[in-house]
Amino acid sequence: MHSGKSKCTCLQPFALRTEERGAKKKHEFTRKLARMFAEEQRMRIPVAQRLPWTTDEPQTLPKPPVKENTVPLGIHLFSDVRACERAKFDEYVAAKFLLMEQEMREHERLQQIAEQEEIKRMRSEMVPHAQLMPYFDRPFMPKR
C-alpha cells in the first residue's frame, strides 16, 4: 500500500538507435566528402616527371646485321594460273553465246519461211464466195 503521496519519476531522455545510426552515417558521409575533396585537390596539382638517374648520354643499341636480299624462286603464281583459266572460260562462254545466237537466227529464219508458206497456201485456198445481197427495202431489225 502506498502512502498518500506517490514519488515523482525522473524524466530521462531515451536514446533511439535510429538516431545513433543517423549520426554515424552523417559522420561517415562528411569523412567521405572530405576524402573526395582532398583527392580532387591532389589531382589538380600537376606532377612533373622525374629526372633520369643518370645524366649521361643514352645508350645506343647496335644495329642488327643487314640481311641479304632474297632471290625469288620460279613459282607460278595462283593469280597467273587463275587468269589463264578465266581467259579460257571467257572464250568458251563467248563461243557458246555466238552458237546460241546463230541457232536463234536460224530458228527465226525457218519460222519466217514457214509463215510465208502458210500465207501462200491460205491465199491459194482463198476463193471468193458469192454472198446474198441484203434486202434494202426491208432492213433487218432484231426483235427483243
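**View 1. Arginine 44 and glutamate 40 sit about one helical turn apart, since they are four residues apart in helix H1.** Their side chains meet in a salt bridge at 3.8 Å, N to O (a side-chain nitrogen of Lys or Arg within 4 Å of a carboxyl oxygen of Asp or Glu). Arginine 44 is exposed, with a relative accessible area of 57%, while glutamate 40 is partly exposed at 39% (buried is under 20%, exposed over 50%, partly exposed in between, with a 1.4 Å probe and protein chains only). Helices here are DSSP runs of H or I, at least four residues, numbered from the N terminus. This is a predicted model: local features need pLDDT of at least 70, side-chain atom pairs count only at pLDDT 80 or more, and totals for chains, interfaces and linings use all residues. Residues are numbered from 1 along each chain as its sequence is written, and side-chain values use heavy atoms, leaving out hydrogens and water.

**View 2. Arginine 109 and glutamate 106 meet in a salt bridge at 2.6 Å, N to O.** They are three residues apart in helix H2 (residues 78-125), so about one helical turn separates them. Arginine 109 is partly exposed at 41% relative accessibility, and glutamate 106 is partly exposed at 35%.

**View 3. Further along, have a look at arginine 121 and glutamate 125, whose side chains form a salt bridge at 2.8 Å, N to O.** Salt bridges that share partners join Glu118, Arg121 and Glu125 into one network. Arginine 121 is partly exposed, at 38% relative accessibility.

Conventions:
Helix = DSSP H or I, 4+ residues; strand = E, 2+ residues; numbered from the N terminus.
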